[in-house]
Amino acid sequence: MKVLTLNIPDNVDVDNQQLAMLVASRLYETGKLSLGQAAEVAGLTKRTFAELLGSYDVSLFNFPASDLSRDIANA
C-alpha cells in the first residue's frame, strides 16, 4: 500500500480515523476501490464500513442509475 502524509491545519477538527473514512468512502464512491479495499483503507471490517457509508452521504449500492434502468428493463 501507498503511504500518504498530509499536513492538516490545527483548527480542523478531524482525527485520523475520520480522515481515513473520508478518503476511503470517496474512493469507494468514485469506483476507485472495492468495498473490501475501502474498508481496509479505513481500518474497518467490510460490514462496519458499509454501515458507516450513509453517514458520509455515500450509497452502498455503487453503480450508475443507468445500470438500474437497464436491469429493470431486462427483468
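## Core, pocket and selected residues

The largest nonpolar core is made up of ten residues, namely Met 21, Ala 24, Tyr 28, Leu 33, Ala 38, Ala 39, Ala 42, Phe 49, Leu 53 and Val 58, a nonpolar core being a set of buried Ala, Val, Leu, Ile, Met, Phe, Trp, Tyr and Cys residues joined through side-chain atoms within 4.5 Å. H1 and H2 each supply at least two residues of this core. The model is a predicted one, in which local features need pLDDT of at least 70 and side-chain atom pairs count only at pLDDT 80 or more, while totals for chains, interfaces and linings use all residues. Residues are numbered from 1 along each chain as its sequence is written, and side-chain values use heavy atoms, with hydrogens and water left out.

**Helix H2 and its surroundings**

- Ala 38, Ala 39 and Ala 42 are buried in H2, where buried stands for under 20% relative accessible area, exposed for over 50% and partly exposed for what lies in between (1.4 Å probe, protein chains only).
- Because the buried residues of H2 fall within an arc of 100° when seen down its axis, they line one face of the helix; the arc is that of the directions from the helix axis to the C-beta atoms.
- An α-helix has 3.6 residues a turn, so residues three or four places apart point the same way.
- H1 and helix H3 (46–52) are among what covers the buried residues of H2; helices (H or I, at least four residues) are DSSP runs, numbered from the N terminus.

**The largest pocket**

- The largest pocket has a volume of about 590 Å³, a volume being the space filled by probe spheres set on grid points that are joined across faces, edges and corners.
- A pocket is, on a 1 Å grid over the protein atoms alone, an open set of points where a 1.4 Å probe fits, with protein on both sides within 12 Å along at least five of seven lines, and its lining residues have an atom within 4 Å of a point.
- Of the 17 residues that line the largest pocket, Lys 2, Val 3, Leu 4, Val 23 and Val 41 lie nearest its centre.
- Helix H1 (16–29) and helix H2 (35–42) each supply at least two residues of this lining, and H1 gives the most, with five residues.
- By class, the lining has twelve nonpolar, two polar and three charged residues.

**Contacts of single residues**

- Ser 25 has its place in helix H1 and counts as buried, at 3% relative accessibility.
- Leaving aside neighbours within four places in sequence, Ser 25 is in contact (heavy atoms within 4.5 Å) with Phe 49, Leu 53, Tyr 56 and Val 58.
- With its neighbours within four places in sequence again left aside, Leu 53 is in contact with residues including Met 21, Ser 25, Tyr 28 and Leu 35.

**Exposed and partly exposed positions**

- Asp 57 lies in the loop between H3 and helix H4 (65–74) and is exposed, with a relative accessible area of 71%.
- The phi of Asp 57 is near 55°, a positive value in a residue other than glycine.
- Gln 18, found in helix H1, is partly exposed, with a relative accessible area of 35%.

Technical notes: Ala, Val, Leu, Ile, Met, Phe, Trp, Tyr, Cys and Pro count as nonpolar, Asp, Glu, Lys and Arg as charged, and the others, Gly among them, as polar.
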